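Here is a short briefing on one protein model. Keep the sequence and the 3D view open while reading.

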Amino acid sequence: MDVPRAVSVADVAHLLSERGPALVLTGAGMSTESGIPDYRGPDGTRRVTPMSHQEFTATSEARQRYWARSFIGWQRFTAAEPNTGHLAVTALQRSGVFGDVITQNVDGLHQDAGTRGVVELHGSLAEVVCLTCDERVDRDLVQAFMHDANPGFGARALGSVPDGSQVSSQIRPDGDIVLADEAVRTFVAPRCLVCGDDTLKPDVVFFGGSVPRDRVDHCFALTDAAPVLVVLGSSLKVMSGYRFVRRAAAHGIPVVVITRGPTRGDAETTHRIDASLGVTLSALASQVAVGIA
């Protein structure tokens, strides 16, 4: 496999200033500095296995398990705030060197940081959809229902993690946490207020699920029109994001990757910085600002 060319922040700043507004693709590593750990370690190895779409849709028990975990994780998840990397992306967009942002994250932190033109490739945890009747409801309303239907559940669940760790250390990129099976069995899962079924699902693409075709086509169009593709905080292990890197490379579009550790797209990467995002993006924003001035 080809090794991507390691470059400096100044090199990337020069490329972006010359080429114009880059398309940005962000992954879970973008939000780790906000306290939301990635599914994978620095070497790209998966640390935890998320619930799959097939598992979620198969049984009521699986949905009960997901919602019990999500009920506990939601408070910590929504307390996360944009980090310096998110803020730097916004600054770079306002300076004209970043354009639209495709994010694989479902946490809404790019928007909270003021970034515009964000395409949420995998959806958003802020909305819940009924798989039976397509009714949509705000996630906070679902949280309120679960709170009322499960008094004291949070306090009981805090001590249920087998390894003795705190729930805050178990939060995952899709907002759920680790809970022992015995803590889940009594949990009352939410039901749709329209059809009554227990098929409520966060409006996100679970592992094994498919991104809507029109969304993929929109992202392909953005990729085809981009002068540069910048990848931030993604190992590109999942084809969902990797396909845009492959598309850019096939069209001769430079691919800049800033993340920790190797990626699946190393062979297609033209410019590579292996470093923490917050510090690197802040330095990039400063470099660009000096160049513009």
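The points below cover the sheet, the helices on it, and the salt bridges.

This is a predicted model: local features need pLDDT of at least 70, side-chain atom pairs count only at pLDDT 80 or more, and totals for chains, interfaces and linings use all residues. Residues are numbered from 1 along each chain as its sequence is written, and side-chain values use heavy atoms, leaving out hydrogens and water.

**The sheet**

- Six strands make an open, parallel sheet, in the order β3-β2-β1-β7-β8-β9.
- The edge strands are β3 (118-120) and β9 (271-273); each has a single partner strand, so one side of each lacks a neighbour in the sheet.
- On average, neighbouring strands of this sheet are turned by 15 degrees against each other, direction ignored.
- Strands here are DSSP runs of E with at least two residues, and helices are runs of H or I with at least four, numbered from the N terminus.
- Two strands pair if DSSP finds at least two bridges between them.
- β2 (residues 98-103) pairs with β3 in the parallel sense over three bridges. T103 has E120 of β3 as its bridge partner.

**Helices on the sheet**

- Helix α4 (residues 84-94) packs on the sheet and touches β2 and β7 (229-232). Its direction makes about 140 degrees with that of β2.
- Helix α9 (residues 213-225) lies across β1 (22-26), β2 and β3, at about 140 degrees to β3.
- Contact means heavy atoms within 4.5 Å. Axes are lines fitted to C-alpha atoms, for helices over the stretch in contact; angles run from 0 to 180 degrees between N-to-C directions.

**The E127, R136 and D203 network**

- Salt bridges link E127, R136 and D203 in a network. A salt bridge puts a side-chain nitrogen of Lys or Arg within 4 Å of a carboxyl oxygen of Asp or Glu.
- E127 is found in strand β4 (residues 123-130).
- R136 and D203 meet at 2.6 Å, N to O. R136 is in β5 (residues 136-138) and D203 in β6, 67 residues apart.
- E127 is partly exposed at 32% relative accessible area, R136 at 43% and D203 at 23%. Buried means under 20%, exposed over 50%, partly exposed in between (1.4 Å probe, protein chains only).
- β4 and β6 pair in the antiparallel sense over four bridges. Four of the five residues of β6 (residues 200-204) are buried.

**Other salt bridges**

- The count of salt bridges comes to eight.
- D224 and R247 form one, with the closest N and O atoms 2.9 Å apart. D224 lies in α9 and R247 in α10 (residues 239-250), so the pair ties together parts 23 residues apart in sequence.
- D274 and R260 form another (3.8 Å, N to O).
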